[in-house]
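Have the sequence and the 3D view open side by side as you read.

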Amino acid sequence: MEIGVRILLAFLVHQVAHVGGQEDGGHTGCVPGFQVKHYQVVYSGPFQKGQPLAQVEFDDCAGNDDVAFEVSDPSFEVDGDLNLVPRRDVLHSPPVLFIHGISTHADDVAQLAITGQSPHTLRNILGLGQTRPYRHKRALLVPPMIVTENQRAPFPRIIGRVFLPEKLGSRIFRLTGPGADHDPRGLFIIDMDTGEVSVSRSLDREAVDSYQLEVSTTDFAGNLVDGPTLLLITVIDQNDNRPIFKESRYTGEVLEGSPTGTTVMRMTAFDADDPATDNAALRYNIVRQSPDKPSPNMFYIDAEKGDIVTVISPILLDRETLPTTTYELEIVAKDMAGSEVGLTGTATATITITDKNDHAPEFTHPLFEATVNEGSTGVVVNLTVDDRDDPATEAWRAIYSIINGDPTQSFEIQTNPDNNEGMLSVIKPLDYEATAFHTLLIKVENEDPLVPDVGYGPSSTATVHVTVLDVNEGPIFFPDPLRVTRMENIPIGSFVASLNATDPDILQIQNIRYAVLRDPAGWLSVNPVKGTVNTSASLDRESPYVHDNKYTAVFIATDNGFPSATGTGSLVIHLEDYNDNAPYVVPSVARVCEDAHDMNVAIVGGRDKDLPPNGAPFKIELGKQPGLDKTWRVTRVNSTHSQIMLLHSLKKANYQLPLLITDSGVPPLSNNTEVKVQVCVCKKNKMHCSSAYSHHASLLVLPVTLLLTLLCL
């Protein structure tokens, strides 16, 4: 195994010398890049942080103003004096370090070989392991190769060599796999005679960071001789990607009075470079705070995590005293662990100082005054308060309450959502004669509770004096409505009721006059001074103006104040029934077939507008005309209905049957009425009735019929 390592080291030294000779040839004067491309350091123990190992010679032929260096092992760097130094204590290192120098005028790579490390250490670093599978003595030696991304022309560039350790005749080297004979094709090529592997164009580590190819050898006949053997090509990262924030503007909030060190938000940027190198090692910094009052350093950002925390003291972090409630921070993320050569990305953090309820609302005046007319309602005064908390928040919005002076709950106070004022309203009309002056004690609080160390003080209460103004009030009827019971049809001029209206203005001596305001049937009159109500027409319970036996009239009372005031009251008269309506019979028309076997004509019923006992039971009987009982019969069915029957058949014609109906009133009323009986011809469920005038049903009908029969013989 040690022989293989020595061969590999010798090969790498040869490649450096070969590449250096290849790039240096054909140039005269200053050649931009490393003036010495191969360096060697003897390993004599662990490398200590900051210990110069070698000084590289680099000249971009333009003063080296913007030159930057990258080392393949992030444990090392090139300082400002061009010394290769460890960034930290290094116990073991790769046998070869690649140093990439780049500026506007140059782009070159040098190699530094580290010799003297134990084979065991070198074996582990090269990843050759403690054991290896059996290898034929003629097997290919295929060392891993590295290539820096973003190399510039000319191409192809030799990156390494594959060879046979023994001279076994001519062989043809072949390279296969993605990047050779598979897409992306032709990226890597191998010299079929020498085994030198070259890259044909610039690579991008962020696209592909390594390639796995296979190397084999064949004879001239194309027969496989050695391999295939894995070739691992690693693309070395170059710092060619700037840190990028996911968003250009971030927002965060912090509660006022928060302790120093409170985390506000986290800023996170992404760098597409190799995360195992400083190319993607980001450091965050605040470069600007706006505004910069009361301190330009109110916030701090954790350089590695990106957490923004408060630095300002809780006392100064007072939303009400700060010049603004919104601060903007310009955040810069820089790679290369924040070194001067690192690339940067920028974003803005907007931090809002949010409010907490640390200020109690206070009335602008300890005393408010208002006047209101008695009998009226509505808003009488607007109470104003000051609150230094954030408007339109629960810590600012006020809740008002009446804590004393309103035993009858005649007042109400609501919050105006637009300006936070308390609108004190009268919701029950006030009476000047009862109380002319009211003193209310009002308290104001916030929707949100106050913070523990803040309380409501004396300024959170206020007194309101409400003065009630006297207004000439209209007379009041009592009772209203006034209810009385009277019999209908009482004589005109009869007494009905006596109205009673009083003036609530007891401190004034006023006269009251009465008048009829609404009398739908025109039945009533009122004495304007005494208020006595009499009939001016007959009361009729059956009138359409009477509903449910009740008649309602409205009267008005007017005082002689200035200006005069009025009041209204109702009089409801319950009318008792008098038997003043004769009964009548329904229906008024009946039909019967002339050849009907059933001689029942119809059942008729009695109706009466009067109430019991002035209505049913009814007595229904034939009229007093002579001979009716020879053809017709009326029999009682119940207290309200009777049956009309024919005693013999009649010819098709219309007959008027006289009936007499009598009610049960005292005294009873009777009514002579007629029922039209149509005798019709009935065929196939249809009745054909006469449209001629009706005959009066009497004894004359029979002789006329008999006479006509004899003449036809």
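A salt bridge here is a side-chain nitrogen of Lys or Arg within 4 Å of a carboxyl oxygen of Asp or Glu. By that rule, the structure holds 19 salt bridges. Please keep in mind that this is a predicted model, in which local features need pLDDT of at least 70, side-chain atom pairs count only at pLDDT 80 or more, and totals for chains, interfaces and linings use all residues. Residues are numbered from 1 along each chain as its sequence is written, and side-chain values use heavy atoms, with hydrogens and water left out.

Let's begin with Asp237 and Arg205, whose side chains form a salt bridge with an N to O distance of 3.0 Å. Asp237 sits in the loop between strands S16 (224–236) and S17 (244–245), while Arg205 sits in the loop between S14 (196–199) and S15 (210–218), so their contact ties together parts that are 32 residues apart in sequence. Strands in this text are DSSP runs of E with at least two residues, numbered from the N terminus. Both Asp237 and Arg205 are buried; buried means under 20% relative accessible area, exposed over 50%, and partly exposed in between, using a 1.4 Å probe and protein chains only.

Next, find Asp390 and Arg319, which meet in a salt bridge at 4.0 Å, N to O. Asp390 belongs to the loop between S29 (385–386) and S30 (398–404), and Arg319 to the loop between S23 (307–310) and S24 (326–334), so this pair links parts 71 residues apart in sequence. Asp390 is partly exposed, with a relative accessible area of 27%, whereas Arg319 counts as buried at 11%.

Glu394 forms a salt bridge with Arg397, and their closest N and O atoms are 3.2 Å apart. Glu394 is partly exposed at 36% relative accessible area, and Arg397 is partly exposed at 26%. Salt bridges that share partners also join Arg319, Glu320, Asp355 and Asp390 into one network.

Now for the sheets. Two strands pair if DSSP finds at least two bridges between them. S5 runs antiparallel to S8 (residues 96–102), joined by 4 bridges, and Glu70 has His100 in S8 as its bridge partner.

Another open sheet of 4 strands has the order S44-S46-S49-S48, with antiparallel pairing. Its edge strands are S44 (584–586) and S48 (632–636), each pairing on one side only. S48 pairs with S49 (residues 641–646) in the antiparallel sense over 5 bridges, and Arg633 stands opposite Met645 in S49.
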